[in-house]
Each structure stands twice: as structure tokens, then as C-alpha cells.
Amino acid sequence: MASHAAHSPAPHHDEHAHADAHSEGKFHIFVQIAMLLAVITGVEIVLIYLPLTKWLIVTSLVVLSTVKFMFVIFYFMHLKWDKLFCTIIFFIGLVLAGGTMWALLKLFSAEASLPLETAQAALRALA
């Protein structure tokens, strides 16, 4: 019993030292990712002013925004260190939210807000 009490503080101290080293390692990762996100944002701003075709600019912005989104959710929202189940639940919620947003945009689009006579006249004009 006395030998157990003599050894118990050392592992507790090691746990704190390990936790401090682990959090310091994460701090450096967070700073590096923040700098990377700033660089990507700078590239996005420069990309807007370049004389490129519209589809290339939009595609590049979507890809860069997706990369930034993935870095944020996996590192700053800690999904990288969580269980896979949490990531799956997050993406299920993301798909449901995206589907709901798409449905609401379709329901309340500019065409849906026209008065009935105007909408019928617009449909007749298209036919």
C-alpha cells in the first residue's frame, strides 16, 4: 500500500506533462492552419481580379472554399480527433441542411412569388 502511494504522483505528473505537450503541439497546428487559411483567402481575392473566364473563377473559388471549409471543420471543430461516428453525424446534418436550403430556395424563388395571373401569363409566353 505504501509503495502504491509512493508511485501514484509520478504517473499523474506525467499525464499533465503529456497533456501540455499535446496541447502545445495542437497550438502549432492551429497557427499553421490559420496561416494557410489566410493565404487561401488572399489567393481568392487575387483570383477575383484576374482576367479569367467566369466559370474558371467560380470553379476555383468553390474548390478553395471547400478546402477552407474542410480545414475548419476537421481542425477547428475538432472532427479530426473525434470518433468517426461524430464526423458521419456532422455530414448527415450538413446534407440535410443543404437539402432544406435548396428546397426553400426553390419554394420561395422569384418566380414563385409572382401573382397567379402574372405567373400564368409568363408560362403561356414560354409555351
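Modeller: A residue is called buried under 20% relative accessible area, exposed over 50%, and partly exposed in between. The model discussed here is predicted.

Biologist: What makes Phe90 partly exposed?

Modeller: Phe90 has 22% relative accessibility. That value lies between 20% and 50%, so Phe90 counts as partly exposed.

Biologist: Why is Phe91 placed in that class?

Modeller: The relative accessible area of Phe91 is 26%, so Phe91 is partly exposed. Phe90 and Phe91 also form an aromatic pair.

Biologist: How do you know that the pair of Phe90 and Phe91 is edge-to-face?

Modeller: The ring centres of Phe90 and Phe91 are 5.5 Å apart, within the 6.5 Å limit, so the rings pair. The planes stand at 85°, and an angle over 60 degrees is edge-to-face, so the pair takes that name.

Biologist: How many aromatic pairs does the structure hold?

Modeller: Seven. One of them joins Phe74 and Phe91.

Biologist: Why is the pair of Phe74 and Phe91 called tilted?

Modeller: The centres of Phe74 and Phe91 are 6.4 Å apart, which is within 6.5 Å, and the planes meet at 40°.

Biologist: Which residues form the aromatic cluster?

Modeller: The cluster consists of Phe30, Phe71, Tyr75, Phe76 and Trp81.

Biologist: What makes Glu44 and Lys68 a salt bridge?

Modeller: Their closest N and O atoms are 3.0 Å apart, and the cut-off is 4 Å, so the pair qualifies. The bridge links distant parts of the chain, with Glu44 in helix 2 (residues 9-49) and Lys68 in helix 3, 24 residues apart. A search of the whole structure finds one salt bridge.

Biologist: Is Glu44 buried or exposed?

Modeller: Buried: its relative accessible area is 10%, which is under 20%. Buried residues make up 10% of the 127 residues in the protein.

Biologist: What stands out in the backbone at His78?

Modeller: His78 has a positive phi of about 65° although it is not a glycine. The residue is found in the loop between helix 3 and helix 4. At 35% relative accessibility, His78 falls between 20% and 50% and so counts as partly exposed.

Biologist: Why is Leu84 called exposed?

Modeller: Leu84 has a relative accessible area of 62%, which is over 50%, so the label is exposed. Leu84 is in helix 4 (residues 84-107). With Phe85, Ile88, Ile89, Ile92 and Leu96, Leu84 forms a nonpolar surface patch of about 630 Å² of accessible area together.

Biologist: What secondary structure does the protein have?

Modeller: The protein has five helices and zero strands, and its elements run α-α-α-α-α from the N terminus on.

Terms used:
Residues numbered from 1 in each chain as written. Predicted model: local features only at pLDDT ≥ 70, side-chain atom pairs only at ≥ 80, totals over all residues. Heavy atoms only, no water. Patch = residues over 30% accessible without salt bridge, like charges linked within 9 Å, V, L, I, M, F, W, Y side chains within 5 Å. Areas by Shrake-Rupley, 256 points an atom, 1.4 Å probe, with all protein chains shown as cover. Salt bridge = Lys/Arg side-chain N within 4 Å of Asp/Glu carboxyl O. Helix = DSSP H or I, 4+ residues; strand = E, 2+ residues; numbered from the N terminus. Buried < 20%, exposed > 50% of the residue type's maximum accessible area, 1.4 Å probe, protein only. Phe/Tyr/Trp six-rings, centres within 6.5 Å; stacked < 30°, edge-to-face > 60°.
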